[in-house]
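Here is a brief report on the model shown next.

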Amino acid sequence: MKVARGNDFRSGLSGIRSLDPAGWVFAAMNLVFLVCAVGLGGFLLVESVPVVRSEGLGFWLGENWWVGETFGALSMICGSLIVTGLAVSLVLPVALSGALFTSEYLAPSLRRRVKGVMELLAGVPGIIYGLLGVSFLTVGIKDVLNLLDGNTLFTAGCLLAIMILPTVLTLAEDALHSVPAEFREAAQGLGLTKLQTAWRVVLPQSLPGIAGAVLLGVGRAMGETIAVMLVIGSLDKVPGFNIFVAGQTIPSKLGREAAQALGSEQHWSALMGLGLTLFLMVAAFTFLGNIFIKRSSR
Amino acid sequence: MVEKAVLAFIGAITFLIVLLLVFILGTLLVKGLPAFHAGFLFEESRDFGLSGGIFYQAVGTLILMVTAVLWSLPVALGSVLFQTEYLSGKFKTFLTQLTYILNATPTILFGLVGYLFFGVYLGVSWVTGSLILAVMILPTLQVSIREAVEALPEKYREAGMALGLSRSSQIRRIILPQCFYGIVTGVLLGLARAAGETAAIMFTATTFSGIQLPQSFSDPVPTLQTHILVLAQEAANPQSLAQAWGAGLVLLGLVLMLTLTAWAFRTRVVMESEQ
Amino acid sequence: MGRYKKVWIGLVFFLITGWGLVSETVAGSRVQIVGSTTVLPVASRSAQKFMASSKVRILVNAGGSGVGIHSVAQGRADIGMASRGISPDEKKRFKKSRLKTHSVGLDAVACVVSTEIYQAGVRHLTPTQIAGIYMGKIRNWKEVGGPDRQIVVIDKERHRGTRHAFMQYVFGNATQRTPGTLLVTGSNNEEQAKIAQSDSAIGMLSFAWINEDVKAVSLGSKGKEFLPTWEAVRQGRYPIVRKLNFVTAGEPEGEVKAFIDFVKGSEGQKIVAESGYIPVDDEIFQP
């Protein structure tokens with residue numbers, strides 16, 4: 001009979017303790033998990049090689065995407081950045097206001113309810129947002145802004161803003177709320193009003209956590225496929241400064257062409273290259289976001 | 001004075017945000033209920049989805065999400081237990097980071113790589129779809145299970161040690177039963193996430209017409225999500241939109257039900273760990 | 001390991017029964033059809049009728065003509081639906097698959113505009129005008145006899161059969177690049193929806209998809225303009241006519257052959273007509 005684990009164990013970097021039979025099973029399961037996680041990035045990398053070899057840097061810098069001739073991802077990359085940037089700029093003031101109010105002014109029971117609503121909203125499937133987008137947003141934006149057509153980068157940005165609002169709000173609220181009470185008491189002891197406290201003391205203290213919330217929201221917005229695909233217009237063109245035209249993001253391109261590319265070497269590799277680019281972009285933002293959030297909870 | 005105005009302003013914004021959920025739910029209800037004629041839930045779809053019901057689509061969605069959790073649960077459970085009971089230090093942190101990265105990965109990528117990994121061998125089928133979804137919801141399950149395991153008070157493990165139990169016995173008799181609710185929470189959240197996923201399965205698991213119930217591992221399935229997608233692309237046709245709303249209502253109802261049930265279980269997890 | 005054992009045993013059992021089912025039922029009982037959204041209604045409706053008296057399961061998927069041809073050539077589908085012929089490039093690439101084309105109907109491709117534009121007086125467009133619009137040289141409807149409104153140029157994905165036929169007529173080049181495009185759509189449904197939602201759009205559609213919200217303009221040179229109607233197609237006067245095809249790799253056999261014969265037979269052709277297309281026997285013109 002093996003001795004149960006104790007707290008006197010030290011094993012340097014790997015930190016693995018001796019395994020009993022059950023442990024082998026668990027280790028195997030962990031290996032499966034490891035393979036899945038690493039395999040995802042690995043496959044993307046390996047499958048992208050053909051297209052990068054044939055296009056070189058032009059893959060990321062080229063604007064033209066003609067299947068069978070040339071693959072340039074610039075339009076999609078720009079589209080992704082513009083749409084995400086738009087979503088974040090729309091979300092930030094709204095989410096911050098909501099987070100501030102919820103954290104500093106709401107009674108605990110109400111606060112719990114609001115957070116509950118946010119969590120529910122965060123779980124609404126993307127296709128539902130897509131449905132709302134094609135039936136209300138495209139037509140609405142077209143009418144209100146007197147545009148030629150409602151399927152634009154701007155529309156996608158708005159839709160994404162609504163989608164990531166719950167997530168950003170709830171995480172930002174966590175950051176605000178976790179500022180210790182002493183800070184607020186000290187501030188009010190100095191004569192600051194509640195609003196001044198919130199604005200000048202609580203907010204600056206929780207900036208890392210809020211930054212983390214925003215970065216995670218960015219990650220989510222950048223990766224959304226279905227909702228964007230339906231409202232963005234699918235036009236592979238670098239948009240310049242006009243965001244009220246149709247465009248394309250990486251996920252919406254992938255969503256539209258994945259079925260086409262099955263079995264076609266070059267086309268598939270190009271899509272994988274797009275996927276790799278997206279993966280790296282999202283991973284970078286998410287990684288940063290997690291660091292900020294961890295830092296704020298210390 | 002300014003203070004009151006600002007307060008009112010951000011209060012109003014908060015209120016409107018909450019209203020967003022009401023709006024979404026309300027729209028789905030108002031637009032979706034008309035599609036709910038007597039047999040909507042139990043009829044098959046006719047006329048390319050323009051009339052009839054969504055029975056086989058709903059079944060397809062259920063098949064995918066349940067089998068996804070079936071594949072995912074053992075892996076999630078085993079990997080979390082391995083990490084919490086047998087590991088410490090940098091490797092453990094690395095694995096935790098991996099979970100977060102996997103969680104944040106755009107779901108369309110699961111579809112793309114999943115096709116290479118599974119689809120090339122198993123074809124476009126519900127098995128491929130459920131395997132892909134299983135990988136996708138792995139982090140969701142892991143997070144819930146880890147929360148439960150780590151929330152377990154030390155005294156339980158100490159009691160086990162005092163009794164001289166081996167690690168596997170400890171896990172089996174003490175940790176797992178106490179974490180039961182955490183595991184259930186994870187499963188329910190995983191189900192909810194799998195139910196709503198469209199991008200990962202739309203070219204790896206589904207078909208437009210011809211299949212009602214899959215008869216073998218290599219058959220594709222119809223799903224609610226892709227059904228809505230096809231109908232949404234005919235946005236100018238009020239009839240197809242009405243059907244889309246109806247299907248959307250069913251899908252959202254399913255997701256909400258699962259999420260709310262998960263919360264009920266999560267409260268019990270919190271209660272247990274506070275004892 | 002008590003709890004674990006049950007899970008593992010369950011899984012193994014599951015897998016075994018599963019693979020048993022696979023090996024039993026997968027052989028020969030499924031026909032996979034992929035491709036053009038123009039041909040899809042015909043295939044789907046025929047499949048429904050066919051399956052009523054046969055044990056075969058016929059799965060139909062969209063994706064576009066290019067995807068259809070591709071899938072058949074690579075063995076991922078039994079029948080590819082294409083609303084165009086196989087292009088020379090595809091013939092070269094898939095020489096080994098010995099692709100065969102089976103025509104099941106005829107279709108006309110219409111140049112469509114939003115109803116508001118049609119009612120404002122735009123009833124006819126020449127190829128030169130359409131080319132100008134799609135290249136971005138003509139941007140306002142008033143330049144072609146319509147109201148003072150910017151043109152919403154709606155295009156289709158490049159591999160789509162409908163686009164091939166349309167571009168071949170307008171530019172003489174089936175895969176023409178069109179810088180004037182404002183919006184890109186995929187299936188016929190989507191294109192129709194986007195044109196209907198706009199009030200100053202132009203696009204290309206199979207004529208079976210025309211309804212009150214999208215109107216076809218007549219095509220042809222001055223004095224010889226024709227709307228896409230059955231008569232115009234039969235008389236060979238409408239300029240954009242194409243065959244709706246089922247494509248197979250080599251000669252079709254068994255269930256696949258039975259289904260194709262069904263669609264080409266009287267019942268299938270009735271479905272073709274009901275779907276808004278022209279039965280293949282009606283052809284009088286030379287493609």
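How many Å separate the centres of domain 1 of chain A and domain 2 of chain A, taken over C-alpha atoms? The answer is 30 Å. This is a predicted model, and the distance is computed from it.

**Domains of chain A and chain C**

In chain A, the domain assignment gives residues 2-58 to domain 1 and residues 76-297 to domain 2. Eight residues of domain 1 of chain A meet nine residues of domain 2 of chain A. On the domain 1 side, five of these residues are nonpolar, two are polar and one is charged.

Chain C is also divided into two parts: domain 1 (2-106 + 243-279) and domain 2 (108-234). Their C-alpha centres lie 31 Å apart. Here the contact takes 16 residues from domain 1 of chain C and 15 residues from domain 2 of chain C. The side of domain 1 of chain C that touches domain 2 of chain C has five nonpolar, 10 polar and one charged residue.

| Domain 1 of chain A, touching domain 2 of chain A | five residues | two residues | one residue |

**Chain A as a fold**

Chain A holds 12 helices and two strands. Along the sequence, the pattern runs α-α-β-β-α-α-α-α-α-α-α-α-α-α. Its C-alpha atoms fill a box of roughly 65 × 65 × 30 Å along the principal axes. Of the 298 residues in chain A, 52% are buried. Take the contacts in chain A between residues at least 6 apart in sequence: 73% of them join residues at least 24 apart.

**Where chain A meets chain B**

The interface pairs 74 residues of chain A with 71 residues of chain B. Which element gives the most to the chain A side? Helix α1 (residues 21-55) of chain A does, with 17 residues.

**The nonpolar core**

The largest nonpolar core has 267 residues. Ala172(A) and Leu133(B) have the most contacts inside this core. Helix α6 (residues 153-177) of chain A supplies the largest share, 17 residues.

What does Ala172(A) touch, leaving aside neighbours within four places in sequence? Its contacts are Ala95(A), Leu96(A), Ala99(A), Ile210(A) and Ala213(A).

Definitions and conventions: Residues numbered from 1 in each chain as written. Chains lettered and ligands numbered in written order. Predicted model: local features only at pLDDT ≥ 70, side-chain atom pairs only at ≥ 80, totals over all residues. Contact = placed C-beta atoms within 7 Å. Helix = DSSP H or I, 4+ residues; strand = E, 2+ residues; numbered from the N terminus. Domains from an automatic or database assignment. Nonpolar A, V, L, I, M, F, W, Y, C, P; charged D, E, K, R; others polar. Buried ≥ 20, exposed ≤ 12 C-beta atoms within 10 Å, placed from the backbone. Core = buried A, V, L, I, M, F, W, Y, C linked by C-beta atoms within 7 Å.
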